[in-house]
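Have the sequence and the model open while you read.

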Amino acid sequence: MITPTHLQARRKFIQLSTVALLMPLARGQSATAKTSIDLPESHGYRDACLLFNSRLKPKPAAVMKCVTEDDVISGIQWANEHKKKISLKSGGHCFEGFCMADDTLSLDLSNMNAMSLDPKTHIFTVAPGAKLRQINDFLLAKGRVLPAGSCAGVGIGGLTLGGGYGMLARQYGLTCDLLMGLRVVDAEGKGHDCDGDHELLKACRGGGNGNFGVITQFRFRTQKAPSHLYNRRFKAKNLTPAKVKILLETWFRATKDLPRDAFSAFVLNGNSLTILLTHTNLQSQEQITAMMKPLEKLVGTTTRYYAPLYPAAIKAYYGRSGPLPFKNACAGMLRGFDELDEIAEKLAQHVAATPGVIWQVNTLGGAIQDQAFADASVFAHRDCSYMSEIQGYWHNAASEPNVIKAVDAIQNLLAQHGINRHYCNYPDKNFANPQTAYFGEHDFLKKIKRLYDPTDLFHHPQGVRL
Ligand SMILES: Cc1cc2nc3c(=O)[nH]c(=O)nc-3n(C[C@H](O)[C@H](O)[C@H](O)COP(=O)(O)OP(=O)(O)OC[C@H]3O[C@@H](n4cnc5c(N)ncnc54)[C@H](O)[C@@H]3O)c2cc1C
């Protein structure tokens, strides 16, 4: 809990931060939330260290629950006084727990979740700890939507700063592409508001996770919410690796020129396959149906179209509430089937051999590849129209080593075949060269890091290096 030293530091710093005092939204958070700091010896430390991924057992030097931007500023002072690096937690969904790196002060921003929508401009202002479920509830009630990920508990903070993709990304762009402005507190505890073509804003569109400072507020363009989500599923069971390869190649071909409002995922679980297909415009249905015909002939079952209202439909994709143990990671940003041709069967064998392992490919492309978005962001690998991901789950602890071994084996297989471009929001601590894997050429990010965090106070384990 709050120590007297901390309170003193806080008061001192608040006097310095008049800018922060002018920011009602960054300060006006949940009335019940309380600022606190938990050290390893505190009663609250164990609970404060709980993450969505219960496989992870983080050991931060301290966890400070922030309620206002002033708390963030006093946290920075605490870290400087105690010679600790800072890690940042918004929704706590990082696959590897980098939001609570060992021996750092972790600033927990999950209680900073205020949001508002300008009724005229439809600009959405939100603090970093807001979860996607809260955002959907808030915006959809007003007929608006922020294109983002599908899982309900993911925080807008981490999601946006690394990119943010979901079922509407091909239509409207990544979450970071809708980001018009933000507020950041830098390593000296100074607040900056960035809009338009500000270089820091560009760096935060895809390269902002824990690298430059603490984002305390985001401002987004929103879109008119779709009325319905048109869904279809294709399913096949008892697949041999050879059949998986044929289906995979057919799926890549079928999805190459999907209309922008459509999304698809190829989900291989054991030797069963489910192909998800969604779109938001009824007019696209005929074209998509024609594109999927070759797949329909190969799979076991194809569901009929079903089209619930959009606000209800997305709840089906909210996922489990957790915490739960898992090992997930990006398994390559891909340009097409060619990159998998040689290894598809081997990959399918690995997936079939270990219960709990799922390998998935999602469609990207569409608006994500628009030049204007590319120019205004650092999100790398926009030319990749697909992203593959590996997931490992287990029900009892005894299965964990086997599942992790299988996930690692798949990751090694992909790496050996030159698949080394990855999505920074799906990190794997074993990636050989994470900065290049996530950001490609990243001198620009180094420059921004030197400007806002020259002492590497915000040290992300796989972040931008000075
Ligand atoms: C179940 C599940 C489903 C997911 N689904 C999707 C999906 O559909 N689409 C998608 O794109 N991604 C998805 N993700 C990945 C998700 O985008 C990342 O895990 C993201 O980093 C989570 O953000 P967070 O705020 O919840 O996580 P946190 O762990 O709190 O933050 C992640 C990282 O972001 C940085 N960070 C957080 N807050 C701030 C801040 N305020 N200022 C500066 N840096 C900050 C920190 O470096 C931290 O390590 C999913 C993850 C999970 C576990």
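Let's start with helix H5, residues 69–81, which lies across S2, S3 and S4 and runs at about 175° to S4. Helices here are DSSP runs of H or I with at least four residues, strands are E runs of at least two, and both are numbered from the N terminus. Axes are lines fitted to C-alpha atoms, for helices over the stretch in contact, and angles run from 0 to 180 degrees between N-to-C directions. Contact means that two residues have their C-beta atoms, placed from the backbone, within 7 Å.

A word on the ground rules: this is a predicted model, where local features need pLDDT of at least 70 and side-chain atom pairs count only at pLDDT 80 or more, while totals for chains, interfaces and linings use all residues. Residues are numbered from 1 along each chain as its sequence is written.

## The four-stranded sheet

The sheet is open, has mixed pairing, and its four strands come in the order S1-S2-S4-S3. Strand S1 (36–38) and strand S3 (86–89) each have a single partner strand, so one side of each is left without a neighbour in the sheet. From one strand to the next, the twist averages 20°.

Strands S2 (62–65) and S4 (105–108) pair in the parallel sense over four bridges; pairing calls for at least two bridges found by DSSP. Look across from Lys 65 and you'll find Asp 108 in S4.

## The five-stranded sheet

The other open sheet is antiparallel, ordered S5-S6-S10-S8-S9. Its edges are S5 (115–117) and S9 (191–195), each with a single partner strand, so one side of each is left without a neighbour in the sheet. Here the twist averages 15° from one strand to the next.

S8 (179–185) and S10 (214–221) run antiparallel and are joined by six bridges, with Val 185 opposite Val 214 in S10. H5 packs on this sheet too, touching S8, S9 and S10, and its direction makes about 50° with that of S8.
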